[in-house]
Amino acid sequence: MHPDRRRRLLLRALLVCIFCAACGCIVFPAILRERIAFSSGTAQRWNPVRIPAGVEFAGDGACIECHRSRVEVQRATPMGQAMESVADSAILTSNPQMKLRLGRFTYEITRRGSQSIFTVADDKEVIRVPIDYAFGQGKAGQTYVFQRNGAYYESRVSYYNEIRGLDLTIGAPPAEPKTLEEALGRRLSKDDALKCFNCHSTGAVSSAGLHTESLIPGVRCEACHGPGGDHIAANKSENTEQQAQAARLIFNPARLGGDALTQDFCASCHRGSEEFSLLRTMGVNNVRFQPYRIFTSKCYSDDKRISCTACHNPHEPLKEDAAYYDAKCMACHTAAEGVTKAELRACSVGEKDCASCHMPKVEPPGAHFKFTDHMIRIVRPGEPYPN
Ligand code: HEC
Ligand code: HEC
Ligand code: HEC
Ligand code: HEC
Ligand code: HEC
Ligand code: HEC
Ligand code: HEC
């Protein structure tokens, strides 16, 4: 072989080697990073109710291995139990026979094995449907969802803890239904059904629609943190570079500012000003929209000390002791670093249990439950509920 040609070949071989090495060191990890960054788009911006199509959830059972205590505690909270399967429903099993007469209609919920049957009858006819899902844990109430003629229905009567029995579902029109079909409950449009499942369960709804086969009842880890598959794979990887990426591959709402966390993230289910203007729920019924109510308080701003997570840990049960919240108020209403003059107005009336006076409890008609008004304010006796 001509020496020149051999040199050219060697040079080419060397170049190929350099190229391959470069591929190994730079290009492949770049592709890897690219792949991770692509698949983890949701890890950077995730909203609990705007879920893109094709997202796959690992289920909170997959988080147990490394986050055991958190999973066990969160699962048992009312938010974690925002939906119960009929087979597991504590309310339906401990109340095997419930009955209520409303006008000319008689309602019954009867246990049969692991099923519960919803029955409505007038003096001529009767409709019987197996209940598919139990919404809520009965802290305030539990409402039933079932299918009939290809549509989901919300039961016209619900279980209420306070009365340990059935009464009209909150929000259901009190006027007597004209037909037995109407007396069953509210026929949900496809969109309404999607919304119910999205706020009360995990993994069943995406922009492609409802897929109940992957439904996990209740608001669980991935409802708030987005799909966890990549985070788990990276944590389990032998590759230290991938491991180092793990935390970045799961959405952490702590990265949001106070206002985005409260008015966009928690409000996606708890409802903020947007839903208020859409639903126009005036008067005490809007006490259930905590993000909207707190937005109207003079205390509110884009300050993490007044965001939902300043007072509530979404992984733990609600603290029902007013004294627990005093420190949260005093984070602003006391002489401390970062506290403005406006905040530093002292209370001439009370020194503890601030929320008991400044966040009054109110009961919307028919709710059988007193909700906490998050519009923190001075409450004057006899003053009407401020909208
Ligand atoms: C194989 C172990 C493992 C599994 C399984 C796992 N995680 Fe993690 N996760 C970790 C470790 C370790 C950290 C701590 C990383 C750190 O502190 O930097 C972490 C951190 C997190 C964080 C905080 C991220 C941040 O911004 O710092 C969230 C949120 C999280 N995990 C959620 C989940 C969810 C949801 C699941 C189930 C879908 C899950 N994890 C499953 C190991 C795991
Ligand atoms: C995917 C929807 C969803 C998201 C997101 C969500 N919640 Fe909830 N939350 C619910 C539902 C549904 C309930 C009612 C559960 C029940 O009583 O059945 C609830 C109940 C609660 C409760 C009352 C628990 C009790 O013991 O009565 C608190 C407090 C709460 N949520 C705080 C938050 C905070 C803080 C955030 C934001 C970090 C948040 N939630 C985000 C759906 C959601
Ligand atoms: C936009 C999100 C959203 C939608 C849609 C939604 N809910 Fe809820 N639901 C909540 C939140 C948040 C709570 C807790 C605060 C409250 O009581 O308003 C709740 C509370 C409840 C409760 C009381 C739970 C308890 O333990 O006391 C029941 C029952 C309920 N919802 C049933 C339903 C049914 C049935 C549907 C559909 C027909 C539905 N919800 C649609 C967010 C939603
Ligand atoms: C209702 C929404 C919600 C649910 C459900 C939820 N988280 Fe979180 N999680 C949050 C928020 C909000 C934060 C950020 C808290 C903050 O601001 O510090 C967080 C933070 C975390 C962190 C970071 C460490 C920390 O405490 O700040 C880990 C780890 C985590 N969550 C794991 C989980 C796991 C595992 C589950 C299921 C058992 C779960 N989360 C369920 C909303 C949720
Ligand atoms: C300054 C503290 C504070 C902040 C901020 C706050 N809450 Fe609350 N929240 C409370 C108190 C106090 C209660 C009543 C606890 C009790 O006595 O049962 C409560 C109760 C609740 C309940 C149970 C139902 C009820 O009406 O009693 C829900 C749901 C809730 N809060 C959601 C939220 C959401 C969502 C946000 C963000 C918009 C938020 N909270 C912000 C203090 C706060
Ligand atoms: C993020 C800081 C912050 C937190 C946390 C906070 N506040 Fe405030 N609060 C303010 C500011 C700012 C004002 C407005 C002062 C002004 O306009 O003069 C205010 C005003 C008030 C007022 C007067 C309202 C009126 O209508 O005149 C009351 C009462 C009050 N806060 C009570 C509370 C209580 C009770 C808590 C806890 C449950 C609390 N605040 C938590 C910042 C805060
Ligand atoms: C027993 C009920 C009660 C308790 C408990 C209570 N307050 Fe008040 N607070 C009031 C009333 C009533 C006023 C209005 C006083 C007035 O202007 O006549 C007020 C006024 C205020 C103001 C406005 C002061 C101003 O100059 O305008 C703030 C801020 C405040 N309270 C914060 C708190 C904090 C923080 C706590 C807990 C450490 C607390 N309050 C406990 C009833 C209470």
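**Entry 1: the iron of ligand 7**

I looked up Cys 347 first. At 43% relative accessibility, Cys 347 counts as partly exposed, because that class runs between the cut-offs of 20% and 50%. I note that this is a predicted model.

Next I checked His 358. His 358 has 26% relative accessibility, so it also counts as partly exposed.

I then looked up the iron atom of ligand 7. Its protein donors are Cys 347, through SG, and His 358, through NE2. They lie 2.0 to 2.2 Å from the iron.

What is the arrangement of the 6 donor atoms around this iron? I find angles of 86 to 178°, which makes it octahedral.

Cys 347 sits in the loop between α14 (326-330) and α15 (354-358), while His 358 belongs to helix α15. The pair therefore ties together parts that are 11 residues apart in sequence.

**Entry 2: the shell of ligand 2**

I turned to ligand 2. I find 18 residues surrounding it. The closest are Met 79, Lys 139, Cys 266, Cys 269 and His 270.

Which elements give two or more residues to this shell? They are α6 (190-200), α10 (258-270) and α13 (308-311).

Lys 139 has a polar side-chain atom 3.0 Å from an oxygen atom of ligand 2. For His 270, a polar side-chain atom lies 2.8 Å from a nitrogen atom of the ligand.

I sorted the shell by residue class. It holds 10 nonpolar, 7 polar and 1 charged.

Last, I asked where ligand 2 lies relative to domain 2 (83-187) and domain 3 (253-372). Both give residues to the shell, so ligand 2 lies between them.

Key:
Residues are numbered from 1 along each chain as its sequence is written. Chains are lettered from A and ligands numbered from 1 in the order in which they are written. This is a predicted model: local features need pLDDT of at least 70, side-chain atom pairs count only at pLDDT 80 or more; totals for chains, interfaces and linings use all residues. Side-chain values use heavy atoms; hydrogens and water are left out. A residue is near a molecule or strand if one of its heavy atoms lies within 4 Å of it. A polar contact is a pair of N or O atoms within 3.5 Å; within protein, one must be able to donate a hydrogen and the other to accept it, and residues adjacent in sequence count only if both atoms are side-chain atoms. Helices (H or I, at least four residues) and strands (E, at least two) are DSSP runs, numbered from the N terminus. Ala, Val, Leu, Ile, Met, Phe, Trp, Tyr, Cys and Pro count as nonpolar, Asp, Glu, Lys and Arg as charged, and the others, Gly among them, as polar. Domain bounds come from an automatic or database domain assignment. Donors are N, O and S atoms within 2.8 Å of the metal (3.2 Å for Na, K and Ca); water is not among the atoms, so sites may look incomplete. Four donors count as tetrahedral if all angles lie between 85 and 135 degrees; four count as square planar and six as octahedral if opposite donors are over 155 degrees apart and all others between 65 and 115; anything else is irregular. Buried means under 20% relative accessible area, exposed over 50%, partly exposed in between (1.4 Å probe, protein chains only).
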